[in-house]
Amino acid sequence: MKESSFNSLYGSTAAKVRSRGTIKKVWCNRLFCVIIKNIEQLLLSGVIFMERVGFISDKLDIKFLILYIAARLIEPVNMETLTDLTMCDGGVDYFSFTECLNELIRTGHMKRTDDELYCITSKGVSNSEVCESSLPYSVRLVADKNINVYNQKLRRKGLVKSNVAARPNGTYTVSLSLSDDVDNIMTLNLMVAKQEMAGQLAEHFQKHAEDIYNNILDSLLAHYDADGKKEEK
């Protein structure tokens, strides 16, 4: 029906309603297209995914990956850390990982310590060296990157130490220590009145040990005038 015929038959008010309905339908179609396009972009970017996809395809590969990672860690790690490092590939799920880890422990390739930490055995190292080339190269690259980051944290943890001990008089001693790869370079003992303050000092030192050490050196090497005031450089 033509617009003029529609107007004469139903009136101008009905024509306006019809026109608004057409516009609304067009905008709904456009909005639907925008939503579909955004969903497609999210799917492509990986923000929305239907299932985990990776290069690891079976239990044997998961075992090889666990051994590959454990052989490169500088000290035993807890279950949470080993899980995070192993699930660097989308093909590894938690249940398959735990099943493979338990089997490696039963076969003597991995060991669980009394402290509930996990490490590789000499048998596991030997088998890992033989089988590591079967892991996809891209998986090894990601695993190596994550392992290096974690090992750096472990090394720093060994070089920066802090401890809080209670004294008989009710105060607390905060022991702070900083070392390099060769020897200890600073040991500092502080007495504080409150346990909360002692904990704050220990935590702050763990995060900023290098800066604190440099500030102490700057103060010790600074020049002071006759009145004991620090001279500006």
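1. Rings of Phe, Tyr and Trp (its six-membered ring) are taken to pair if their centres lie within 6.5 Å; planes under 30 degrees apart count as stacked, over 60 as edge-to-face and the rest as tilted. In this predicted model, a search of the whole structure finds one aromatic pair. The centres of the Tyr94 and Phe95 rings are 5.8 Å apart and their planes stand at 75°, so the pair is edge-to-face. Tyr94 is partly exposed at 40% relative accessible area, and Phe95 is exposed at 66% (buried means under 20%, exposed over 50%, partly exposed in between; 1.4 Å probe, protein chains only).

2. Residues are numbered from 1 along each chain as its sequence is written, and side-chain values use heavy atoms, with hydrogens and water left out. Local features need pLDDT of at least 70 and side-chain atom pairs count only at pLDDT 80 or more, while totals for chains, interfaces and linings use all residues.

3. The protein chain has a mean pLDDT (the predictor's confidence in each residue, from 0 to 100) of 81, and 75% of its residues reach 70 or more. Over residues 47-52 the pLDDT is below 50, yet this stretch has seven contacts in the model beyond near neighbours in sequence (contact means heavy atoms within 4.5 Å).

4. Tyr68 takes part in a further arrangement: the charged end of Arg72 sits over the Tyr68 ring, 3.7 Å from its centre. The criterion is NZ of Lys or CZ of Arg within 6 Å of the ring centre and within 35 degrees of the ring normal.
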